[in-house]
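The sequence and the structure are shown first.

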Amino acid sequence: MSPERRSRGSSASYGDLERLFDEMFYWAPADAARTEVDFLLRKGSPFIAIEVKSSRRLSGEDFRGLRAIDGLKGLTRRILVAPVSEARRTEDGIDVVAPLGLIDAVRAVSASRLSSELETH
């Protein structure tokens, strides 16, 4: 269940994420076809998993990768990004946000991590 390094892009959104996190990965287990997570963002040792969907209508299949990765050591948050009208959290703790809400959600996790690091030093 180890992540693979994802190649770097050149968009402004990537630049925002690059400043907030140390590394970006793609995740797909070798033993499960059609199960993957688009992005794993790492800051220190914790990870955030992000899956991106283009459909407004979400089904259980859309959450497959985020549910499969739940046991990854260091995973602190799972986020599904889709063109939804309202952010919500599923019963099993997956945050569903609109594309414009993604950077805020990621910054909140990064700020929380930084705050806890400052408190321990």
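In this predicted model, Leu80 touches Glu51, Lys53, Leu58, Asp62, Phe63, Leu66, Ile94, Asp95, Val96 and Val97, with residues up to four places away in sequence not counted. Leu80 is also a member of the largest nonpolar core, which has 16 residues. Together with Leu40, Ala49 and Ile69, Leu80 is one of the residues with the most contacts inside this core. Two or more residues of the core come from each of the strands β2 (23-27), β3 (37-42), β4 (47-52), β5 (75-81) and β7. In soluble globular proteins, nonpolar side chains tend to be buried together.

The chain contains three helices and seven strands, and from the N terminus on its elements follow the order β-α-β-β-β-α-β-β-β-α. Of the 121 residues, 39% are buried. Among contacts with a separation of 6 or more, 45% are between residues 24 or more positions apart.

Asp38 lies in strand β3 and counts as buried because its relative accessibility, 14%, is under the 20% cut-off. A polar atom of the Asp38 side chain lies 2.8 Å from the backbone nitrogen of Val52. Asp38 and Trp27 are eleven residues apart along the chain, and their C-alpha atoms are separated by 6.8 Å.

Thr90 is found in the loop between β6 (88-89) and β7 (94-97). Thr90 likewise counts as buried, because a relative accessibility of 11% is under 20%. Its side chain makes a polar contact with the side chain of Asp92, at 2.6 Å. Leaving aside residues up to four places away in sequence, Thr90 touches Phe63, Arg67 and Val96. Phe63 and Val96 are also among the residues that Leu80 touches.

The relative accessibilities of the two residues are listed below.

| Residue | Relative accessibility |
|---|---|
| Asp38 | 14% |
| Thr90 | 11% |

Methods: Residues numbered from 1 in each chain as written. Predicted model: local features only at pLDDT ≥ 70, side-chain atom pairs only at ≥ 80, totals over all residues. Heavy atoms only, no water. Helix = DSSP H or I, 4+ residues; strand = E, 2+ residues; numbered from the N terminus. Buried < 20%, exposed > 50% of the residue type's maximum accessible area, 1.4 Å probe, protein only. Contact = heavy atoms within 4.5 Å. Polar contact = N/O pair within 3.5 Å; in protein donor to acceptor, adjacent residues only side chain to side chain. Core = buried A, V, L, I, M, F, W, Y, C linked by side-chain atoms within 4.5 Å.
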